[in-house]
Amino acid sequence: MDHAVDVHDAVVLLDRFPALAGLSLKLRAGTVTLVQGPNGAGKTTLLRMLAGLAPLERGRATVLGYDVATEPRLVRASVGLLSPQTMLYDDLTIAENLSFWATLAGHDDVDLMAALERVSMAPFADQQVVTLSTGQRRRAAIAVVAIRRPRLWLLDEPHAGLDQAGRDVVDGLIEDAIAAGATVVVASHELDRVRPLATHVATVAGGIVHRFETVNAGASGA
């Protein structure tokens, strides 16, 4: 499969407003794409559409070979979305959250403590999510994405709410994902942070891609 993402003329409505207004985008497998643009440009909607969570009004989109319109469950099972909504259950511990999402993804062999150590959260494994700080919640949410071993990582402002050490963890996980053959899409305003990791940059405004450029021609899949 050459393209992990293949979107053509995608229209997604939010309260009748076209958050995506005929967006087209193709991303090769094994690449890291920075999606940049102003607030309201459609970056978050693009990630949610690629995750099978924002239905198409018009156009077509395939993710990892699955049609987002007709096979959204297969899409959701194959991608990992990190969004401001952390997808964590407040009444469960961090370890219980990771176990739940790993099992749902079909990974019963996950070393939960190793995953938590990767994001420096092992000491809080048995702590309920409701008691965590914003930064701790963010780290736990990142661990959830990682233990799912997605073939496509969709990261919405992944460095937000993290200290410097946490930001370095995110960068390391992106590098690990690419080394494992995954594809990564990062929507971010922190261009100086993400651009060095990216192989491509997509500039989005008004719900369409205005420019798509290669920024690291030597990277895998570029």
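How many residues of β8 are buried? In this predicted model, 5 of the 5 residues of β8 are buried, and the strand is mostly covered. The legends below begin with the sheet that contains β8.

**View 1. The open sheet of 6 strands.** The strands follow the order β6-β7-β8-β3-β9-β10, and their pairing is mixed. At the edges stand β6 (residues 79-82) and β10 (residues 208-214), each of which pairs on one side only. On average, neighbouring strands of this sheet are turned by 15 degrees against each other, direction ignored.

**View 2. Strand β8 and its two partners, β7 and β3.** Strand β8 covers residues 183-187 and runs parallel to β7 (residues 152-156), to which 5 bridges join it. Within this pairing, Leu155 has Val186 of β8 as its bridge partner. The pairing of β8 with β3 is also in the parallel sense and extends over 4 bridges. Here Val184 of β8 stands opposite Val32. Both faces of β8 are covered. Thr183, Val185 and Ala187 are buried on one side, and Val184 and Val186 are buried on the other.

**View 3. Helices α5 and α6 across the strands.** Helix α5 lies across β6 and β7, and runs at about 170 degrees to β6. Helix α6 (residues 164-179) lies across β3 (residues 32-36), β7 and β8. The angle between α6 and β8 is about 150 degrees.

**View 4. The largest cavity.** The structure holds 1 cavity of 30 Å³ or more. About 50 Å³ of space lies in the largest cavity. Its lining consists of Leu82, Ile142, Val145, Trp153, Leu155, Pro158, Val170, Leu173 and Ile174. Two or more of the lining residues come from each of α5, β7 and α6. Helix α6 gives the largest share, 3 residues. Leu155, one of the lining residues, is the bridge partner of Val186 in β8.

View 5. Helix α3 spans residues 94-104, and its buried residues are Ile94, Ala95, Asn97, Leu98, Trp101 and Ala102. An α-helix has 3.6 residues a turn, so residues three or four places apart point the same way. The buried residues of α3 pack against α4 (residues 112-118) and α5 (residues 134-147). Just after α3, Gly106 takes a positive phi of about 85 degrees.

**View 6. Asn97 and its contacts.** Asn97 lies in helix α3. Its relative accessible area is 0%, so Asn97 counts as buried. With its neighbours within four places in sequence left aside, Asn97 is in contact with Met87, Leu88, Tyr89, Leu92 and Val129.

**View 7. The largest pocket.** The largest pocket has a volume of about 410 Å³. It is lined by 20 residues. Of these, Arg76, Val79, Met87, Trp101 and Arg148 lie nearest its centre. At least two residues of the lining come from each of α2 (residues 72-78), β6, α3 and α5.

Note on methods: Residues numbered from 1 in each chain as written. Predicted model: local features only at pLDDT ≥ 70, side-chain atom pairs only at ≥ 80, totals over all residues. Heavy atoms only, no water. Buried < 20%, exposed > 50% of the residue type's maximum accessible area, 1.4 Å probe, protein only. Contact = heavy atoms within 4.5 Å. Pairing = 2+ DSSP bridges. Axes fitted to C-alpha atoms, helices over the stretch in contact; angles between N-to-C directions. 1 Å grid on protein atoms, 1.4 Å probe; cavity = no way out; pocket = protein on both sides within 12 Å on 5 of 7 lines; lining within 4 Å. Points joined across faces, edges and corners; volume = space filled by probe spheres on them.
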